[in-house]
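Try each task before reading its solution.

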Amino acid sequence: MENMTITETAGLSRRSFITGATVAGALAALGLAGCAPQSPRDKELSATGTAPADISWDEECEVLVVGSGYAGLAAAIEAKSAGADVKITEKTNRVGGNSAFAAGDMAVCGSKVQAREGIEDSVDAFVSDMLIAGLYLNDKEKCRVIAEKSNETWEWSVEMGCTWDKNENGEPWLYPYGGHSIMRTICQAVDGGGSNVTEPLAAKLGEMGVNVETERMLVQLIQDENGRVIGAVVRDGALDNDVESGKPATIRATKGIVLATGGFGRDLNFRLAQDPRLDETVDCTNQEGATAESLKAAVAAGAMAVHTDWIQLLPFMSPDEQGYGVAAFYTDGQASYAPTLAKATGRRIVNELTDRKRYADAILETGEPCVQITCKKALYGDGLANAMEAGIAHEFNSLEEAAAFYEMPVDAVADEIARYNTFVTNKRDEDFEKPIPDDAQAIDEPPFYGVRLWPKVHHCMGGVKTDLDCRVLDMELAPIPGLFAAGEAAGGVHGACRLGSCATTDCLVNGRIAGQKAAAETVA
């Protein structure tokens, strides 16, 4: 897909060249057929442009938010709260985007939950953990904003009606996410996951008089002669991520547009261009709408794209189910302290609480799915029943039975589990230095449980470059007026690998900022 820029000048600037059959169709529908090229291979347009004043706008608002996940909903609420006239669109037929399917855990620094547990944390420690996971390729200042605003944003989510998992005392609790040096992740309930955040936020928007407009795919951004983004072309009723399907409509946004369109993990051709290893044999956790058309639209409007070849794989996935499934709620949630064993050797391969990149790379290096083994008494929380029902987890009467089922060397598995149990007893992992809490249990009583692990495409670290106000930057690192982005649509924040449970924080923190800043725009 190529995208258009419409300018009000005596002619079209080099920024406003339009190519592609898709653009031709959209221009024709907008009454601009005379400007459209004849084929995707045509030359640049002649200097006979059409002024924005000549565009017949179908709709108008002050702030247009594109995407209805964490970032989009937060942006729309803040923009509306600031008094702006807001529209929020969603390309799929349901509200919530990827966020509704996410585990929904949230990394929060300095929370009352940490205080209750006597845990001391700091912004510097939070930022340091993000940088280590991201191989120091992160936008450090953006990471600092996320850390600094994490607690106020979590408290805001509670005020908005979002719910979090509760312990036996009816209180939110902390979960030990891999890569965090300090316990700071507030756990989300397995039942509902991220929808426990997206549904209340969408309901709040409804109360404010703003409803998410579904099945509206962004395909183009429209700019004036100064490069300011003044509107967008969407496709109503678009199907199967086809940018030529549906009916085109123009939406004027007098203050700004917020891109909260997520990543491109499901866009096979686009992700292959970034990382040729991620072909059709590598599954993806994302919903089907996670494709690249909005990123292409932003780049066509002059945005700088960064880190698009850093694509995170989620290591906790099972090859025995499609998509996100239920594996992570069990393997990363309930069985987080279980050892991960190579099938060929029966030996551990990694600190199972390291960051996602190191964990996924260790599994991939074995060349085949690994096996996680634990026992009933060593499990935490919920998730086993769903994993058993989905057919990805299996129950065994002995370690020998488990090893035989997965075609692993029986003696090696028994020896490795016995060695691991000494680490649990002594609270010290001599092989991989995994932190082991006081309540960790040895894996030594039946029933035992096993599940196969193989990574899946999960999060795109790449997207458009933004500043601390969530303004989208061009190739000269100057803000593109009227264009903002937040969440996974914004690139460079997390470096090479996003630290687990930081996505919720990032999306909500920067979604709120983007909405506030867009609403505050003044246009001469």
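Two residues are in contact when heavy atoms of theirs lie within 4.5 Å. Keep in mind that this is a predicted model.

**Exercise 1. Find which residues K142 touches, and what its side chain reaches.**

Step 1: Locate the residue. K142 sits in helix α5, which covers residues 140–159.

Step 2: List its contacts, skipping residues up to four places away in sequence. K142 touches T466, D467, L468, C470, V493 and N510.

Step 3: Look for a charge partner. K142 is buried yet has no salt bridge. The nearest side chain of opposite charge belongs to D467, 5.9 Å away; a salt bridge would need a side-chain nitrogen of Lys or Arg within 4 Å of a carboxyl oxygen.

Step 4: Turn to the backbone. The side chain of K142 reaches the backbone oxygen of D467 at 2.9 Å.

**Exercise 2. Decide whether Q114 is buried or exposed.**

Step 1: Check its accessibility. Q114 counts as buried because its relative accessibility is 1%, and the cut-off for buried is under 20%.

Step 2: See what surrounds it. Beyond four places in sequence, Q114 touches V108, C109, I119, D121, L174, I182, M183 and R184.

**Exercise 3. Work out which elements supply the largest nonpolar core.**

Step 1: Start with its members. The core holds 41 residues, and V63, V65, V86, I88, L201 and V258 touch the most other members.

Step 2: Assign elements. At least two residues each come from β1 (59–66), α2 (70–81), β2 (86–89), α5, α6 (195–207) and α14 (502–519). The largest share, eight residues, is from α2.

Step 3: Zoom in on one member.

Step 4: Look elsewhere. Another core, of 34 residues, lies apart from it and includes A249, L295, A298 and A303.

**Exercise 4. Identify the buried residues of helix α8 and what they pack against.**

Step 1: In α8 (residues 293–300), the buried residues are E293, S294, L295, A297 and A298.

Step 2: These pack against β7 (216–223), β9 (247–259), α7 (268–274), β10 (305–306) and β17 (463–464).

Step 3: Read on past the helix. G302 follows α8 and has a positive phi, near 105 degrees.

**Exercise 5. Judge where to read the model with care.**

Step 1: The mean pLDDT is 89, with 90% of residues at 70 or more.

Step 2: Over residues 1–50 the pLDDT is below 50, although this stretch has 104 contacts in the model beyond near neighbours in sequence.

Step 3: Where pLDDT is low, the predicted coordinates should not be read in detail.

Methods. Residues numbered from 1 in each chain as written. Predicted model: local features only at pLDDT ≥ 70, side-chain atom pairs only at ≥ 80, totals over all residues. Heavy atoms only, no water. Helix = DSSP H or I, 4+ residues; strand = E, 2+ residues; numbered from the N terminus. Buried < 20%, exposed > 50% of the residue type's maximum accessible area, 1.4 Å probe, protein only. Lys, Arg positive; Asp, Glu negative; His and termini not counted. Polar contact = N/O pair within 3.5 Å; in protein donor to acceptor, adjacent residues only side chain to side chain. Core = buried A, V, L, I, M, F, W, Y, C linked by side-chain atoms within 4.5 Å. pLDDT = per-residue confidence, 0-100.
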